[in-house]
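Take a look at the structure first.

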Amino acid sequence: MPLQTSRLLSISLLRHGKARNLSTRILPISERVLFLPFSTAAAKKPPPNLQPMAEYLVSNCGFTSSEATKASKQLSHLKSTQKPDSVLRFLHLLGLNQTSIKTIVTWCPRVLTADVEKTIKPKLQSIRDLGFSDSEIAELITANPSILRLTTVISKIEYFRRRLPVKADLLKALKRDPTLLHSNLAETVVRNSALLQEHGLPESKISAALINMPWLLTRKADSFRELVDYTVRLGVPHDSKMFLYALHAISRISKETFRVKFELMKSFGWSEDNFYAAFRKAPNFLTRSDEKLRTIMNFLVNEVGLEAGYVAEHPMFLMFSFEKRLLPRHKVHQILKSEGLSGAKANLLSIVYMPEHT
């Protein structure tokens with residue numbers, strides 16, 4: 001089919017895509033028949049002066065002109081739309097909606113050059129054989145479109161399936177860090193997991209890190225070892241429940257940023273011991289912006305009247321939202337005290353920690 005005359009999707013497809021939110025939605029069989037070949041009058045009309053494949057992406061995937069121009073650079077070698085037509089049709093029949101398909105093609109335009117019969121279908125069947133349903137496969141593809149092109153993806157999914165037997169955990173990890181399937185597992189995840197085991201972390205904690213902060217384990221092994229050693233030097237013991245959180249916090253900031261945070265907290269009266277004690281209890285406070293830390297410390301120390309050392313002993317103060325938690329809870333506390341009501345004797349810390357609903 002010539003590029004200039006190609007149109008794939010009916011107007012019902014485009015309307016359906018606009019009506020859905022950004023989440024992956026698996027379409028029922030009754031709706032999937034809408035996504036079959038079509039008439040040229042049904043497709044979205046592209047603006048003039050676009051290259052053929054850019055025109056194709058506007059018409060059939062809902063791209064804007066600028067999005068299509070960028071993505072089409074990876075498709076300029078195509079002489080016909082046979083493969084793109086086949087891939088789009090297959091994805092619709094798998095149950096993906098227009099928004100999800102646009103996401104996939106945006107992330108990985110070259111997926112439209114794949115051979116459905118020789119490449120995509122056999123690969124997805126192998127994933128089914130690992131116990132994944134079509135809806136779960138659709139989630140995997142939406143989270144990591146390169147699954148449709150990576151040659152080693154099955155062996156990597158098998159590895160993570162062994163490490164994370166609960167499929168929901170694996171899906172969560174892959175959504176958090178799609179690079180898991182791009183990594184050289186032997187040189188990153190395997191070596192980094194082994195290092196954590198050497199430091200006494202049980203498999204359950206390493207698996208939790210793989211699920212919740214997978215980007216830690218995909219770091220280069222030398223870099224990860226430096227990160228672990230530095231965290232230990234900062235005084236966080238391996239058996240601390242905060243050890244992995246400390247690794248995460250340190251991985252997100254530079255040493256210069258660490259120094260700036262220290263100077264900021266010092267300006268409010270923290271000593272070096274205060275700073276490191278707070279870090280060991282709530283390491284992620286280092287990932288908050290200087291502005292947010294400054295606002296909270298100014299409020300707690302200069303307005304509420306708390307001692308700087310007290311805040312250091314309870315650094316979770318620094319993790320709460322000033323506007324949504326600290327300030328409104330403080331106002332409630334003031335009202336309770338002024339009216340002599342029950343709860344007036346409670347301190348601000350206990351009020352801040354109270355859940356929204358009991």
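Helix α16 (residues 255-266) and helix α17 (residues 272-281) have axes that come within 10 Å and cross at roughly 120°. That makes α16 oblique to α17, oblique being what is left once under 35 degrees (roughly parallel), over 145 (roughly antiparallel) and 65 to 115 (roughly perpendicular) are taken out. This is a predicted model, where local features need pLDDT of at least 70, side-chain atom pairs count only at pLDDT 80 or more, and totals for chains, interfaces and linings use all residues. Residues are numbered from 1 along each chain as its sequence is written, and side-chain values use heavy atoms, with hydrogens and water left out.

**Where the helices touch**
- On the α16 side, F258, K261, F262 and M265 meet E272, F275 and Y276 of α17 (contact means heavy atoms within 4.5 Å).
- Sorted by class, that contact has 5 nonpolar, no polar and 2 charged residues.

**Ring pairs**
- The count comes to 13 aromatic pairs, with ring centres within 6.5 Å; planes under 30 degrees apart are stacked, over 60 edge-to-face and the rest tilted.
- F258 and F275 pair edge-to-face, 5.4 Å centre to centre with 90° between the planes.
- F258 sits in α16 and F275 in α17, so this pair ties together parts 17 residues apart in sequence.
- Both F258 and F275 are buried (under 20% relative accessible area, with a 1.4 Å probe and protein chains only).
- F262 and F275 have ring centres 5.2 Å apart and planes at 90°, so that pair is edge-to-face.
- Ring pairs also link a cluster that includes Y230, W270 and F285.

Methods
Axes are lines fitted to C-alpha atoms, for helices over the stretch in contact, and angles run from 0 to 180 degrees between N-to-C directions. Helices (H or I, at least four residues) and strands (E, at least two) are DSSP runs, numbered from the N terminus. Ala, Val, Leu, Ile, Met, Phe, Trp, Tyr, Cys and Pro count as nonpolar, Asp, Glu, Lys and Arg as charged, and the others, Gly among them, as polar. Rings of Phe, Tyr and Trp (its six-membered ring) pair if their centres lie within 6.5 Å; planes under 30 degrees apart count as stacked, over 60 as edge-to-face and the rest as tilted. Buried means under 20% relative accessible area, exposed over 50%, partly exposed in between (1.4 Å probe, protein chains only).
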